[in-house]
Amino acid sequence: MAEEKITENEKDIIRISGELKLINQKLDNHIHHLSVKIDTIFKIVWTISFMILGLLLKAVYGIMAG
């Protein structure tokens, strides 16, 4: 009886270990995709910021020259 319980516990531990590995793999995959999306958003924000800065510099130059 005790040996059956030990064998059952070992099987449960192996099953749980496999499930944890799968969850970890899925989380790593999701984190990678989120990181890529956040990097894309930062690139867009930087591009828009430089465009606004350029327009402001052009306006200041136009005021000073005109």
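The model is predicted: local features need pLDDT of at least 70, side-chain atom pairs count only at pLDDT 80 or more, and totals for chains, interfaces and linings use all residues. Residues are numbered from 1 along each chain as its sequence is written, and side-chain values use heavy atoms, with hydrogens and water left out. The protein chain has 1 helix and 0 strands. Its radius of gyration is 28 Å, well over the 11 Å that the globule rule gives for 66 residues, so the chain is more spread out than a compact globule.

**Fold**
- Helix H1 covers residues 2-65.
- Helices (H or I, at least four residues) and strands (E, at least two) are DSSP runs, numbered from the N terminus.
- The C-alpha trace spans about 95 × 10 × 5 Å along its principal axes.
- The radius of gyration is taken over C-alpha atoms, and the globule rule is 2.2 Å times the number of residues to the power 0.38.

**Surface**
- Of the 66 residues, 0% count as buried.
- Buried means under 20% relative accessible area, exposed over 50%, and partly exposed in between (1.4 Å probe, protein chains only).
- The chain exposes about 6,600 Å², and carbon and sulfur atoms supply 70% of this area.
- Leu34, Ile38, Phe42, Trp46, Phe50, Leu53 and Leu57 make a nonpolar surface patch of about 780 Å².
- Patch residues have over 30% relative accessible area and no salt bridge; nonpolar side chains (Val, Leu, Ile, Met, Phe, Trp, Tyr) are joined within 5 Å, like charges within 9 Å.
- Leu34 is exposed, at 51% relative accessible area.

**Charges**
- The chain carries 8 positive and 8 negative side chains, and the centres of the two sets lie 18 Å apart.
- Lys and Arg count as positive, Asp and Glu as negative.
- The structure holds 1 salt bridge.
- Arg15 and Glu19 form a salt bridge at 3.1 Å, N to O (the cut-off is a side-chain nitrogen of Lys or Arg within 4 Å of a carboxyl oxygen of Asp or Glu).
- Arg15 and Glu19 are 4 residues apart in helix H1, so about one helical turn separates them.
- Arg15 is partly exposed at 46% relative accessible area, and Glu19 is partly exposed at 40%.

Technical notes. Areas by Shrake-Rupley, 256 points an atom, 1.4 Å probe, with all protein chains shown as cover. Charge placed at Lys NZ, Arg CZ, Asp CG, Glu CD.
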